[in-house]
Amino acid sequence: MAAPDPAAPPLLRRLRGLLRGRERRLQLGLAIATLIFILSLGFSTLQARAQYRLEARMQRSGLWMASHAAIEAARFEAALHRRQAGALEDAALREQFEILFSRILLLRGGERPQEFAQTERLHAALPEMLRALAVMEAALERLLAGQAEALPPLLARLDALQDELREANRQLHLERTHAAGAAVSGMRSLTWSFIASGVGLLVSAGLLMALLLLESRRARAAQRHAEAAAEQQAETERTLRALIDSLPAMISAFDRDGGFLFMNEAHARFHGPAARAVPPG
């Protein structure tokens, strides 16, 4: 009776160990590729959000409102001089003051969140500016009522208001210029971040492809190894069969039902071919 192949269990254990090690390496590679992909995507998203906030800050209207308030203050001063020269009606002067007042009030409705530091300073100074406008309005009414002495204090308040608005516009312009430079720099940084993210994505994709290629090669190598082991086992069985057939003694094996499982050439020659179907006595 043929003995079981002692090389089979170690071979199976080796194959199982190789498969487990291959699975662990594949899981590690997939985890690294996924991490690279997530980090690249997250970095690009953060850079894009920062650039969006900077661009949105550039688009807010604080500078526009402060500029128009300064322009209307200069127009009101020119209207005062024209009225004193008799070239402007009182109603037109009042209308110009109302326009100036409305432009100052627009500063109160500046967009939140904060855009520039100077805009916040204008918001803080707005109550004092409104009190100055109230004093100017009273002086304007006295001037229109024929009190010429009301003009100097009115012009003094107006000059102070214009100085404040001009300084605010100068600071806002500087801050906007600085923000524009930061936006350009941020755009360059965003471009490089997208390039880095693209490289990260390519690296992760390349890593996945390399893993798949490596696993494919390993699978083919394992298949070749299994085929070689099977061929080696078949060759061993053929060699053993040839050795048993060469012996002059009769050798046979049968199952529990009495059917022959194996017989060598000496047994077959002695009993004949029909002996394979005859249970041993």
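**Aromatic pairing in helix 3 and overall architecture**

F97 and F101 lie four residues apart in helix 3 (residues 90-106), so about one helical turn separates them. The model is predicted. Within it, two aromatic pairs are counted. F97 and F101 form a tilted pair, with 6.4 Å centre to centre and 40° between the planes.

The protein contains six helices and two strands. Read from the N terminus, the order of elements is α-α-α-α-α-β-β-α. Of the 281 residues, 28% are buried. Among contacts with a separation of 6 or more, 66% are between residues 24 or more positions apart.

The accessible surface of the protein amounts to about 18000 Å². Carbon and sulfur atoms contribute 63% of this surface. One nonpolar surface patch covers about 410 Å². W192, I195, V199 and V203 make up the patch. W192 is located in helix 5, which spans residues 151-246. The relative accessible area of W192 is 62%, and this residue is therefore classed as exposed, the limit being over 50%.

Definitions and conventions:
Residues numbered from 1 in each chain as written. Predicted model: local features only at pLDDT ≥ 70, side-chain atom pairs only at ≥ 80, totals over all residues. Heavy atoms only, no water. Buried < 20%, exposed > 50% of the residue type's maximum accessible area, 1.4 Å probe, protein only. Contact = heavy atoms within 4.5 Å. Areas by Shrake-Rupley, 256 points an atom, 1.4 Å probe, with all protein chains shown as cover. Patch = residues over 30% accessible without salt bridge, like charges linked within 9 Å, V, L, I, M, F, W, Y side chains within 5 Å. Salt bridge = Lys/Arg side-chain N within 4 Å of Asp/Glu carboxyl O. Phe/Tyr/Trp six-rings, centres within 6.5 Å; stacked < 30°, edge-to-face > 60°.
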